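Subject: Structure handover

Hello,

Please find the structure below. My notes on it follow.

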Amino acid sequence: MLSLLLLLSVHSVGAQDEPIVVLNETDTIRPTKYIAPLIEQPKLALFQGFTLSADILGPVIYLLSDYGSTEAALRLNLKNTYFPIVEVGYGKCESTDIETNISYSTSAPFFRAGIDFNILKNKFMDNRLYVGARYGMSSFKFDMSGPAMTDPIWGGSAPYSYHNAKSTSSWMEVVFGVQVKIWRNFHMGWSVRYKQKLHIGHPSYAKTYYIPGYGTTTDTSCWGGTYNLIFDLNWGKKKQNKTPLRPTSIGGKNE
Amino acid sequence: MKRLLIILSLVALVACSANNCPLENTVTCNYYFYDREGVAVKYGETFSVTTLLPGYKTVYIYRKLGYTTITTDRPDTTYINAGYAETVSTARRDTLLVNKAKDRTMIQVPMSYFNKADTLVFTYSSISRPDTIIVEHDSYPHVELPECGTHFYHNLRSIRVTDAAIDHAEIVNPLVNNEKKENVKIYLNGVAE
């Protein structure tokens with residue numbers, strides 16, 4: 001008989017199949033090695049397709065106020081993480097100040113380019129939470145007119161009316177946004193944008209009041225937002241997003 | 001997520017920004033006084049500034065031997081009763097811009113919207129001759145924002161002065177707007193003690 005009785009019983013506990021080793025007190029504990037289940041990190045192909053989106057908040061704002069815009073965006077999906085984006089839109093403003101009776105009107109296209117970064121840890125999710133940055137610019141003409149200007153001391157009067165004043169303006173945006181899957185490739189989402197002017201071109205007789213794509217220049221910076229209808233275009237996307245699992249191995253391999 | 005909240009908070013702080021309407025609503029050309037050596041001075045003489053306006057007006061001139069000639073816009077019978085001889089004449093219309101100023105380091109004077117040059121006449125309490133300053137300028141309307149209203153801005157082109165109390169004058173900032181910067185240096189005769 002063995003001087004040392006080794007009683008080794010292995011039980012199945014739950015789904016983990018962890019071995020339970022019962023030893024006598026006099027037994028020496030031999031080192032064991034636990035090998036964790038190996039799951040190979042899934043691979044994401046670099047190119048994940050394109051995303052088309054359209055903003056529906058801008059037209060609603062235009063219906064409720066003096067200005068607004070409509071825009072669409074084409075976004076490239078790289079590894080579900082990086083999203084280079086191009087946004088093109090059309091902004092319009094027709095405003096008359098109640099107190100000064102000065103009118104400003106413009107309508108022109110605008111352009112933005114930038115990149116979004118998906119900050120969710122799980123890049124395989126169809127929902128996205130992202131931060132990003134944009135460079136925007138618009139080259140446009142505006143009309144401005146107001147009451148006649150009268151010299152209170154020397155006398156004389158002249159109308160204040162200018163048409164087709166040219167301006168080329170640019171700005172930067174910091175973007176925070178959310179995008180959730182609604183059905184198949186159709187998503188909806190919103191973004192909040194902090195905008196900072198870079199260059200505002202204007203003639204000597206008037207400063208630019210509204211910049212298409214930026215908004216009003218009443219403050220040195222402004223906030224904006226979009227509510228997007230988004231459609232994922234997966235054509236050209238390689239089907240490499242496989243998550244091959246190696247068989248789970250449990251070992252009591254002794255050294 | 002905590003990092004994201006910090007970033008958003010910082011963005012919100014940066015977003016606090018000011019309205020672009022100018023604090024000063026009036027546009028004036030700002031004249032600062034210096035002595036002949038260029039030292040800023042507080043001008044102790046009592047002086048008034050009038051500017052010539054377009055057109056002419058009727059003036060009544062009263063003269064009496066041994067007395068100062070008096071010019072008024074309206075007839076005054078008290079001078080006739082006192083032995084003055086009345087002469088009716090015409091003179092350029094004018095208006096008072098600065099009235100009996102004293103101990104001033106600077107004056108703010110409006111500019112005309114549609115004239116190519118403004119003529120300012122400085123009259124002094126203790127100097128018999130007045131000084132005339134002629135400022136040539138270009139003017140253009142300007143709207144900062146529709147809510148701020150319209151203003152006329154000016155670009156100073158040249159300045160000429162007479163020499164009763166003024167040595168010379170110099171344009172230091174030709175753009176006249178509502179930023180209230182120093183536009184013209186007036187160098188007075190004499191040196192500050």
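Helices (H or I, at least four residues) and strands (E, at least two) are DSSP runs, numbered from the N terminus. This is a predicted model, in which local features need pLDDT of at least 70, side-chain atom pairs count only at pLDDT 80 or more, and totals for chains, interfaces and linings use all residues. Residues are numbered from 1 along each chain as its sequence is written, and chains are lettered from A and ligands numbered from 1 in the order in which they are written.

Chain B

Read from the N terminus, the elements of chain B follow the order α-β-β-β-α-β-β-β-β-β-β-β-β. That gives chain B 2 helices and 11 strands.

Two strands count as paired if DSSP finds at least two bridges between them. Strand β11 (residues 184-188) of chain B pairs with strand β1 (residues 29-34) of chain B in the parallel sense, over 4 bridges. Within that pairing, F33(B) has I186(B) in β11(B) as its bridge partner. β11(B) also pairs with strand β9 (residues 166-171) of chain B, in the antiparallel sense and over 5 bridges. There, K185(B) in β11(B) is opposite E170(B).

Chain B has 193 residues, and 20% of them count as buried (20 or more other C-beta atoms within 10 Å of the residue's own, with C-beta atoms placed from the backbone). Two residues are in contact if their C-beta atoms, placed from the backbone, lie within 7 Å. Of the contacts in chain B between residues at least 6 apart in sequence, 61% link residues at least 24 apart.

Chain A

In chain A, 8 strands form a closed barrel in the order β1-β2-β3-β4-β5-β6-β7-β10, with antiparallel pairing. On average, neighbouring strands of this sheet are turned by 25° against each other, direction ignored. Strand β1 (residues 47-55) of chain A and strand β10 (residues 221-233) of chain A run antiparallel and are joined by 6 bridges. T51(A) has D232(A) in β10(A) as its bridge partner.

Helix α1 (residues 57-64) of chain A lies across β1, β2 (67-78), β3 (82-96) and β10 of chain A, and runs at about 175° to β2(A). Axes here are lines fitted to C-alpha atoms, for helices over the stretch in contact, and angles run from 0 to 180 degrees between N-to-C directions.

Where the chains meet

How many residues of chain A are in contact with chain B? There are 30 residues of chain A in contact with 26 residues of chain B. On the chain A side, β5 (128-150), β6 (157-183) and β10 each supply at least two residues. β6(A) gives the most, with 4 residues. By class, the side of chain A that touches chain B has 15 nonpolar, 10 polar and 5 charged residues (Ala, Val, Leu, Ile, Met, Phe, Trp, Tyr, Cys and Pro are nonpolar, Asp, Glu, Lys and Arg charged, and the others, Gly among them, polar).

Confidence

The model scores ipTM 0.79 and pTM 0.71. pLDDT is the predictor's confidence in each residue, from 0 to 100. Chain A averages 82, with 78% of the residues at 70 or above. Chain B has a mean of 88, and 90% of its residues reach 70 or more.

Where pLDDT is low, the predicted coordinates should not be read in detail. In chain A, pLDDT stays under 50 over residues 1-16 and over residues 251-255.

Regards

Definitions and conventions. A residue is buried if 20 or more other C-beta atoms lie within 10 Å of its own, exposed if 12 or fewer, and partly exposed in between; C-beta atoms are placed from the backbone.
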